[in-house]
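Thank you all for making time this morning. I would like to walk you slowly through one structure, so please keep the sequence and the picture in view while I talk.

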Amino acid sequence: MTKITQSVDLDRRGHVAVLTVNNPPVNALSSHVRQGLHEGLIQAGSDAAVQAVVIACAGRTFIAGADITEFGKPPTEPSLNAVLDLIENCPKPVVAAIHGTALGGGLEVTLACHYRVGVKGARFGLPEVKLGLLPGAGGTQRLPRVVGAQKALQMIVSGDPIGADEALKVGLIDEIVDGDLTAAGVAFAEKVLAEKRPLKKIRDLTDKIAPAKGKPEIFAEFRKSVARQTRGFRAPENCIKAVEAAVELPFDQGIKRERELFTELMNSPESKAQRYFFFAEREAAKIPDVPNNTPVVDIKKAAVIGAGTMGGGIAMNFANAGIPVTVVEMAQEALDRGLGVVRKNYEATAARGRLTPADVEKRMGLIQGTTDWKAIADADIVIEAVFEEMPIKKEVFAKLDAIAKPDAVLATNTSTLDVDEIASATKRPESVIGTHFFSPANVMRLLENVRGAKSSKSTVATAMAVGRRIGKVPVLVGVCYGFVGNRMLHQRGLQAEKLILEGAPPHQVDKVLTDFGFPMGPFAMSDLAGLDVGWRIRKGRGVTSAVADRICELGRFGQKTGAGYFRYEKGERAPIPDPVVEQIIADVAKEQGIARRQIGVEEIQQRLLYPMVNEGAKILEEKIAIRASDIDVIWVYGYGWPIYRGGPMFWADSIGLKAVRDQMLAYKKQSGDDFWTPAPLLDRLAEAGKGFLG
Ligand SMILES: NC(=O)c1ccc[n+]([C@@H]2O[C@H](COP(=O)([O-])OP(=O)(O)OC[C@H]3O[C@@H](n4cnc5c(N)ncnc54)[C@H](O)[C@@H]3O)[C@@H](O)[C@H]2O)c1
C-alpha cells in the first residue's frame, strides 16, 4: 500500500488499483484529498499492471461533500474539476464504491467515474442549494445525463438525498452490493474488464436527456411546482437554468454555463446569508463556559406536566425520538382531551402517508398519560407546561422537587415568567432550566433554553443535548421578559400598532413583511395565534390596546372565530381586509388625535425591523444572548425570518449599522418618541464603523 497524501492511499488488488480516501469524520474533499486522488489516478493510469481503478472511502461514509473549513479561502490546486476530468478521461475503467452518504462534491466524484456501485444503506444527493449554491463541479450537467432532466431537477432543487434502491431504479448506480465494499467494488471492476464493457463517460450520454430537449414546458411546469417553497431564494432558479443547459447545450458549453450560474450564486447576498447561517447554527451549539465534555444526564425517560397545546406537542417530540414519556394532568378529562389531540395529529400525518399506522401506535405506546404525580419519579427530565401563572408554576415545582429523582433536570416551558423565581420553589435550583418550545411544539425547530442564575453546567449541557436529540435547534439564552425571540417580537408589534393608526392598513403592513420573506405578517400572525390570549393578559395587567381590545369586544378572536384583524371565508386561511376593522382603526386614530397619511414600503419595513435590531443590541449587551448569530438562529427557526437574509443581526450588518442608527435618530426627531433612542451598543458599533458580527 502506498500513502499518496495524508488522506489517500493507493493499494493493488490483482490488476485493480484501489484508491481509498481516509479523511475523518466525513471524508470531506479537502485539498489533500483532491491532491491524493489526482496523484493516485496518475500513478494508477501509468502503471501497466493496473487495468481498472476503484475509488472507495474508509470510515463511516463516502465523500460527504466539500471541506467547509475551506469556504471563503483562496482556492488551492488541484481544483475538483481537474480531478474529475482526470477520472473521466482515465483510459481504464474507474468504479466508485459507495457507502454512507455521497453528497455534493462526493456525488460529483462518483458521476465522473465510469461505474458506480453502492451498499443498500447508501444515500446520494446534491445539497448545495441549501447553501444558496448549485453543484458546481459538473453535477448539474452529469446528473441529468444519468437520471433524466426531471429527476435531476427534483434532486438538485430540493437538495434532498435519495436511497440506494431509488438510485438503482433511476440509473444513478449500476449495482447494489453487499459484504466487504472494497472487495465488491474490485469484483465489479473485474466483471467490467472480463465483459470488456466500454468506458461509460456520463458526458457522452444523451438518451436520458433527449426526451426533455426542445421542451421548455417541462421546465416551466417544474418552476410552477416549486414556486411556493422557493419564493425569495435565488439558487433554485439557477439550478433549473443549469439543468436546462445540460439538456440543450453540448457538455462543455453546459459546464461553462454551470460555472457562470455558480459564480453568480457565490457572489449573491442570498448565498452569503445562507452560508453565514450554516455556521451560525453550528456555533449556537457551543457554550463558552460549558465545554463539550460536561457530564450530561442520560435521558432514558421523560415526563411532561400538562397535556394542553404545548404539553401534547412536547410529549410528541420525545415519542418521535423513541424516548418514553409520561404526561401528567390534573384531571382525567383534560388528559383524555390532550392525548386525543396527540393521536389526531399522528393520524393526520399518517393520512398524508408520512407515518404508517404501526408507527402511530408505536409512538402513542411511548406516551403514558396519568393523573398520578408519582409516575414522574423515574423520569430523567421533567418539562412543565401548565398554565402561565407564577403561583401555579411554583406549586408544580415544589411538587416536582419532592418527587423527581435527585439528578433529574426540572424544566419549565414558561414564555414570560422568571425562571429564577420558579427555581426558587425547589431546593435544587441548579437542576432547573427553561426549555421554551415554540408552537406547534412538535413542528417548530427552535428551542430557547433559558439558563437560570443557578442552573448548573450539567443542567445546561443536558438541555442542549436533549434538544438536539429530539430534533430541535437549541439556543441558550438568559432570563429576561420574553427571552430573546418574544422580546424582539414585542418591539415589532408596538410599531405595527402605531403604523395602522398612522394610516397603513393591516394588510399593507403584513404585505411588507411577506414581501420581505416572512411567511406571514404581524396581523395575520395575531389572528392565527388568537387575539383573546393577549386580551385576557392585558385585562389581567390592567393595560389596554385600543384597536385590539375593540376587535375582541366584537367577539373577533382571529382565525378560530372567522374574523380578527381580517375576515376569513369558511374553512379558508387567507386573510381578507375588512372595512369593519378599518373603521375601528380610523375611529381610534381620530379619538387619539393621530393624523393619518399614506406610508411607504421603506418606512414600514424600517419601522418594523429596526426596533428589533435595536432590541437585539440591548440583548447582546445584557448578555442575554451569547452571540449575535444566536439571535439570528432564533429568528430564522422560531419566527420565519427568511434564511436568505441571514437573520436580523446579519441583515442589519449588511445594511450598515451607521445607516440603521441614523435612520432611528431620524424617526426619533420626527416622532419625538424615545422609543427610537439607539441602544448604546448599536451607537458604539455604528460610530466605530463595525457590525454586530465583526
Ligand atoms: N401556546 C403557546 O404558543 C406557547 C408557546 C410557548 C410557551 N407556552 C407556555 O407553555 C405553557 C403551557 O401553555 P399552553 O398553551 O399549552 O396552555 P394550555 O392551557 O393549552 O395547557 C395547559 C395545561 O396544563 C394543565 N394544568 C394546569 N395546571 C396543572 C397542574 N397543576 N398539574 C397538571 N396539569 C396542569 C391544564 O389542564 C392544561 O391542559 C405556558 O407556560 C405557556 O406560557 C405557550
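Predicted model: local features only at pLDDT ≥ 70, side-chain atom pairs only at ≥ 80, totals over all residues.

Let me begin with one glycine, Gly171, which counts as partly exposed because its relative accessibility is 27%, where buried means under 20% relative accessible area, exposed means over 50%, and partly exposed is in between, with a 1.4 Å probe and protein chains only.

Residues are numbered from 1 along each chain as its sequence is written, and side-chain values use heavy atoms, with hydrogens and water left out.

Now to the ligand. Which residues come nearest to the ligand? Of the 22 residues around it, those are Met310, Glu329, Glu388, Lys393 and Ser415, a residue being near if one of its heavy atoms lies within 4 Å. By class, this shell has 11 nonpolar, eight polar and three charged residues; here Ala, Val, Leu, Ile, Met, Phe, Trp, Tyr, Cys and Pro count as nonpolar, Asp, Glu, Lys and Arg as charged, and the others, Gly among them, as polar. Helix H12 (309-320), helix H15 (390-403) and strand E16 (432-437) each supply at least two residues of the shell.

Looking at individual atoms, a polar backbone atom of Met310 is 2.7 Å from an oxygen atom of the ligand, and a backbone N or O atom of Val386 lies 3.4 Å from a ligand oxygen atom. From the side chain of Asn413, an N or O atom is 2.9 Å from an oxygen atom of the ligand. Taken alone the ligand exposes 830 Å², and the protein buries 80% of that, the areas coming from the Shrake-Rupley method with a 1.4 Å probe, and for residues only the protein chains shown count as cover.

Thr414 is found in the loop between strand E15 (409-412) and helix H16 (419-423), and it is buried, with a relative accessible area of 1%.

Let me return to helix H12. Since 10 of its 12 residues are buried, H12 is largely enclosed by the rest of the structure, and the buried ones include Met310, Ile314 and Phe318. Just after H12, Gly322 takes a positive phi of about 80°.

My next topic is charge pairs. The structure holds 51 salt bridges, each being a side-chain nitrogen of Lys or Arg within 4 Å of a carboxyl oxygen of Asp or Glu. In one of them, Glu88 pairs with Arg142, the closest N and O atoms being 2.8 Å apart. This pair links distant parts of the chain, with Glu88 in helix H2 (residues 80-88) and Arg142 in helix H4 (residues 139-147), 54 residues apart. Glu88 counts as buried at 1% relative accessibility, and Arg142 counts as buried at 3%. There is also a network of salt bridges that links Lys658, Arg661, Asp662, Asp683 and Glu687.

Finally, some details of the backbone. A cis peptide bond joins Pro24 and Pro25, with omega about 5°, and the bond from Glu77 to Pro78 is cis as well, with omega near -10°. Asn27 has a phi near 55°, a positive value in a residue other than glycine, and is buried, with a relative accessible area of 1%. Lys196 has a positive phi too, near 50°, but Lys196 counts as exposed at 74% relative accessibility.

Conventions. Helix = DSSP H or I, 4+ residues; strand = E, 2+ residues; numbered from the N terminus. Polar contact = N/O pair within 3.5 Å; in protein donor to acceptor, adjacent residues only side chain to side chain.
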